[in-house]
Amino acid sequence: MLEVGAILEGKVTGLTTFGAFVSLPDGKSGMVHISEVSTSFVNDIKEFLKVGQEVRVKVVGISDEGKISLSIRKAEAAETPQPKEKFKDKPRRNDRPRNANVWQGQPQKSKEGMSFEDMMAQFKQVSDEKMSDLKRTTEFRGGNGRRNKN
């Protein structure tokens, strides 16, 4: 039985400007849209596929009318193991919040076992620290952060 997510072998039976038709097992056929042929930009599908070529496809959709949508690039992505990051624990520059230089603060304690009052006191303390740092930063820039309306 054909289902969404299945990866199958098929043969290209026709090429158009918008995609390729692929024959599937059990005599069925589906279409690979030009955007699903490769991870790179495809201007001319004939540069990537030929009639009669064997391809590995992933079923990405089946319409109510029985039309089968296929993807070559998603089938390739499913086969290719994702590379492990060498420096997974090291934060990258773009991972930090935009306002990270405004307030560094103290590491928060675990909230396990804390009473509601303790959590509120901790929240208030952190909030007060952030506000005072923000005021200090704003004063350093030479103003209160508002524009003059003159």
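Ser 23 stands opposite Ser 29 in strand E3. Strands here are DSSP runs (E, at least two residues), as helices are (H or I, at least four), and both are numbered from the N terminus. The model is predicted, so local features need pLDDT of at least 70, side-chain atom pairs count only at pLDDT 80 or more, and totals for chains, interfaces and linings use all residues. Residue numbers start from 1 along each chain as its sequence is written, and side-chain values use heavy atoms, with hydrogens and water left out.

Five strands form a closed barrel in the order E1-E2-E3-E5-E4, with mixed pairing. From one strand to the next, the twist averages 55°. Axes for such angles are lines fitted to C-alpha atoms, for helices over the stretch in contact, and the angles run from 0 to 180 degrees between N-to-C directions. Two strands count as paired if DSSP finds at least two bridges between them. Strands of a sheet pair through backbone hydrogen bonds, in parallel or antiparallel fashion.

Strand E1 (residues 7–15) pairs antiparallel with E2 over four bridges. Val 12 has Val 22 in E2 as its bridge partner. Three residues link E1 to E2 in a hairpin. Strand E2 (residues 19–23) is in turn joined to strand E3 (residues 29–33) by five bridges, and the two run antiparallel. Gly 19 stands opposite His 33 in E3. The hairpin of E2 and E3 has five residues between the strands, and Asp 26 there takes a positive phi near 70°.

E3 and strand E5 (residues 68–71) pair in the parallel sense over two bridges. Met 31 lies opposite Ser 69 in E5. Strand E4 (residues 54–62) runs antiparallel to E5, with four bridges between them. Val 59 has Leu 70 in E5 as its bridge partner. E4 and E5 also form a hairpin with five residues between them, and Gly 66 in the turn has a positive phi of about 95°.

Ser 71 belongs to strand E5. Ser 71 is buried, because its relative accessible area is 0% (buried means under 20%, exposed over 50%, partly exposed in between; 1.4 Å probe, protein chains only). Its side chain makes a polar contact of 2.5 Å with that of Glu 36. Such a contact is a pair of N or O atoms within 3.5 Å; within protein, one must be able to donate a hydrogen and the other to accept it, and residues adjacent in sequence count only if both atoms are side-chain atoms.

Phe 116 is found in helix H2 (residues 116–140). Phe 116 counts as exposed because its relative accessibility is 56%.
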